[in-house]
Amino acid sequence: MPSLKKIFLKLCRGPRQDTPTRPAVSPALPVSSVTAIPEKKPAKTKKKAKTKKMRSNSKVDCNIIEGEGEDSHSRSPSPDPITDSWRMETDITDLDKAEKPPSNIHEQHSVTKLTSKLNGTVMTPKKVLSRESPLNLSESLGNCLRPSLFPRVPPYLKFVPHDETIPLKVPAAIQKHLKWKLTTITPIVVKKTLMNSGFRLVKSECDTAECPQEETVEWVGIWGKHMKSLMFRAIKDGQKMNHFPGTFQIGRKDRLWRNLQKLCNKFGVNEFGIMPKTYVLPHDLKLLKHEWEKYAANNERWIIKPPASARGTGIKVVSRWAQIPKKRPVVVQRYVSKPYLINGSKFDLRLYVLVTSVHPLRIYLYKDGLARFASVKYNSELTSLNDRYMHLTNYSINRLSKNYTPNEDFAACEGHKWTLQTLFQYLKTDKNVDTEALWTSIKDLVIKTIISGEASISSLTKANITSRYNCYELFGIDVLLDEDLKPWLLEVNISPSLHSASPLDIHVKGPLVSTVLNIAQFQVPIKTNIEMLSKDKPHKMVGLPYDSRLYTVYLSKEERDKHIIYTNMEDRDMYLRDILSTLTPDDVRHLIQAEDELTQTGDMERVFPSKDSHKYLGFLAGPRYYNRLFDAWETRYGDKRDPGIELLRNLCDIGYHLEVPPVPLKNDIDAPSPAPSERPSLRSVPSDRGSVAVLPTVSATTVPPVPGAPSTPVSLPPARNSSPVTRPCGDALALRPPPALEPRA
Ligand code: ADP
C-alpha cells in the first residue's frame, strides 16, 4: 500500500527543486519517525528586554517580556523565512537531499491542501526559534520553583507540606505577587501549606498600607465555595480556582442520580448501576409508589436525604410509606441493608479525587483516604431504624455518640476512623480480601461518576472559561461497600472537608493538599519583575513567569480542521494510527501540561487517561478530540514515556508550542468572553438561581466526508476568510448541547 509518506513525497517532487528556506510541510510524517531539529542560527544581536502590555484572550492584561527571540511575538509568531530554517530528521534516509518541498508559496499551499486531504491537518512551524538552553534556575529560584520537563515552558511553583519546618525561601520579587485570596472556608491545612510555600494570604476586605484593596484582586489562587457558572468569568488570566463550572451536576444528589440514570438507561445496569436506585421527589413520587408496593412484603428499607445537603443533615432511614414526604424536594434511595461490616460496624469510605481538566478528561485518585465507622454495632431490625449512630457513618454525627472512640494513630485499626491504607491492609491480611480487585472496582466507580457529569461540566466550562489555567477541582467521593464488597456510590462532595483536627486526619489530608496544589501547577505570577531576580542576567529569566499562550483555548483554522477530522472518525484504530502523525501546536500544549502533571502525582494515581481507559470513551456524550489524542498518546507512550517526552521536547525547543492564533475579535467567537469592563466581578454577580450561560447560535455548513467519518455531514461554523481563527476548543462538532441550568440556591 502506498504510504501517506510516499504520496506526500511524490507531491513534494514538484518541477522545481530550489532549496527552500524551510519546508512547507512539517511533522506530517509519523511522529515516531520524525524529529524536528532547528538549524543553528547565528547569534542575534540582543534586543533590550522590555516589558510590553498586551491583551490576552480579550480579557486580561499581562506583561510579556519582549526580546530574546521567542517572546518578541506575543501571540502568533509570524514566519521569518530569511532567518529561520530547519530540517527534519526522519527514518527516510536522504529525505533532505531528495525531497525538497517547493519554495513557491502557491505550491506550498497546494501541497498543504492536498496533504491535508490525505492526512488531516498539516502544520508548519511558523517561526522556528533558536534552540533554548534549559532555564537555569539559580539556587534561590531552584528552591521554590520546579522546572518543566520542556524547554520554553515556565517553571512551576513548589508547594511543600503544611508541616514542613523550614518554609520555602521565595525571592522577594516573586513573593510580592504570591497572593492567595482567603475565603471563609479556606481550610487551615491549606493555609499552612500556602504559608510554608511562600504565599501571602489576603482577605478581600483587606485595605491597609501594606495590602491595599486593589492589590487583593490580584490574587493567584483561591480555595473557596463553588460559584454560579457565570461568576467563573471573573477569574482572570493567571488565576486559579479550586472548582470547575457546573460540578453541581455531580455534587447534588438529585443531579448525580439523574446523570447516572441516563447512562444506566443507555449502557445498562451492569455498567452504570453504581448508585443505589434513587427517586427524586416530588417528581418521581408515582414511580416510587409503584416500586414500593413491589417490595412491601420484604420490609424494604429506604433512606431519605435532602438533595443538596451534607454531614447527615436531614437524613432518615424509613420503612413505611407514611414516612415519605410527598411534597418536599428530597431524594429517596434504596437502603443498602447488607453492608460489609468490620467488628460488627458499618463504615463508609471517603475517596479524594482530583480533576485537572475536563476536556481532555484527567482524573487522579488519592491512594489514601478515610474509613468512617458507625459508633453502634449494626443490626437489621426494623426497630433500630431510628438509630442514626448505627445507620449513618458521618463523623459529624457519630462524634456526638457516647460510644465514639477517636483514633489518633494513623497506622492503627482502632476507633471509629481509619485511614484507607490501613483499611486495605486490614482487609488484605486479616480478611484475605483481594484488595487489588477492590481498588480496580473503586477506580471504575470514580471514573464513571466523573463521566456522568462530564457533558455538562465541559459545556459550562467551555462557555465561561477562556484559559485552561483557571480551574482544577478536588472532590470527596463517598462509597459504601456491601457484603460482597461491591462499592456503592453515596455522594460526591464538591467542597470536601479538609478539617484536620486529629493526627490521623492530618496524616491523610496534609500530603493531599500539597500534592493537589503541585499537580494543579501554579506558575510565577505575570506581574513578577524578573529583572529584579537576576540583575546581571535578566535575559536568563525570560520565560519565567506564566505565559498565557500555553493555556489558550483558541484554535487556528488548521487545528480546528484536525479536530473535525479526528472527532468524526468512527474507528478507533484509524485515529490511533494517525492522530499523532501531525501534532499541532495546540496538541503539544495539551500534552506537555499533562506530562508535567504526571511528574507530580505523589500518592495520587492518574486513573484517566491511562493505557486501558479508552473503554470509557464510549460512555461520554460524544467523541471528543482531546480524549482521542490522549488515548493515542497513552497507547503509544503509556509504557514508555521517554520517547514521547523527547519528541515534545524537540517541538518545544523550536517554540512550536508557542504558536497560537490571534485572539478572536469580540462577537467573532461562539463562547463570549466579556471584556474586562463587562466582566462581572466576584461580588457583583447576583448569587441567585437560574443563571444560564447563553451561547450564540452557530450556522452550519458542511465539509466533505472524511474517510471513516459518519455519513451525516458535520456541522461547522462558517468559514472566515480573513483570519485563520478560531473558536474556543472543544468538540469539533459545532452543535453543542445546551448549557445546563444552574441549581436553585
Ligand atoms: P451526607 O451528604 O449528608 O453525608 P450521604 O449520602 O453521604 O449524605 O449519607 C450519609 C450516611 O448515610 C452515609 O455516610 C452512609 O453511612 C449512610 N447512607 C447513605 N445512603 C445510604 C444507602 N443508600 N444505604 C445505606 N446507607 C446509606
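Here is a short chat about a predicted model of a protein chain with a ligand.

User: How many helices and strands does the protein chain have, and what share of its 745 residues count as buried?
Analyst: Let's start with the secondary structure, which comes to 21 helices and 23 strands. Then there's burial: of the 745 residues in the protein chain, the share that counts as buried is 58%.

User: What is the mean pLDDT of the protein chain, and over which residues is the pLDDT below 50?
Analyst: The mean pLDDT of the chain is 76, and 67% of the residues reach 70 or more.

User: Which residues are closest to the ligand?
Analyst: The ligand is surrounded by 24 residues. By type, that shell divides into 9 nonpolar, 7 polar and 8 charged residues. The closest ones are Lys 305, Gly 312, Thr 393, Asn 394 and Glu 491.

User: How far is a polar side-chain atom of Glu 491 from an oxygen atom of the ligand, and how much of the ligand's accessible area does the protein cover?
Analyst: For Glu 491, a polar side-chain atom lies 2.6 Å from an oxygen atom of the ligand. On its own, the ligand has 540 Å² of accessible area, and the protein covers 99% of that.

User: Which atom of Arg 334 lies 3.0 Å from a nitrogen atom of the ligand: side chain or backbone?
Analyst: Lys 253 gives us a side-chain case, with a polar atom 2.9 Å from an oxygen atom of the ligand. With Arg 334, the atom 3.0 Å from a ligand nitrogen is an N or O of the backbone.

User: Is Arg 388 buried, partly exposed or exposed?
Analyst: Arg 388 sits in helix H12, residues 388-391. Leaving out residues up to four places away in sequence, Arg 388 touches Gly 312, Ile 315 and Ile 397. The cut-offs are under 20% for buried and over 50% for exposed. Arg 388 has 34% relative accessibility, so the label is partly exposed.

User: What do the buried residues of helix H14 pack against?
Analyst: H14 covers residues 420-429, and its buried residues are Leu 420, Thr 422, Leu 423, Phe 424, Tyr 426 and Leu 427. They pack against strands S15, S16, S17 and S18 and helix H15.

User: Where does Asn 432 lie, and is it buried or exposed?
Analyst: Asn 432 isn't a glycine, yet its phi is positive, at about 55°. Its place is the loop between H14 and H15. With 69% relative accessibility, Asn 432 is over the 50% cut-off, so Asn 432 counts as exposed.

User: And what about Gln 521, buried or exposed?
Analyst: Gln 521 also has a positive phi, near 60°, and is a residue other than glycine. Look for Gln 521 in the loop between helix H16 and strand S21. Its relative accessibility is 2%, so Gln 521 counts as buried.

Methods. Residues numbered from 1 in each chain as written. Predicted model: local features only at pLDDT ≥ 70, side-chain atom pairs only at ≥ 80, totals over all residues. Heavy atoms only, no water. Near = heavy atom within 4 Å. Polar contact = N/O pair within 3.5 Å; in protein donor to acceptor, adjacent residues only side chain to side chain. Areas by Shrake-Rupley, 256 points an atom, 1.4 Å probe, with all protein chains shown as cover. Nonpolar A, V, L, I, M, F, W, Y, C, P; charged D, E, K, R; others polar. pLDDT = per-residue confidence, 0-100. Helix = DSSP H or I, 4+ residues; strand = E, 2+ residues; numbered from the N terminus. Buried < 20%, exposed > 50% of the residue type's maximum accessible area, 1.4 Å probe, protein only. Contact = heavy atoms within 4.5 Å.
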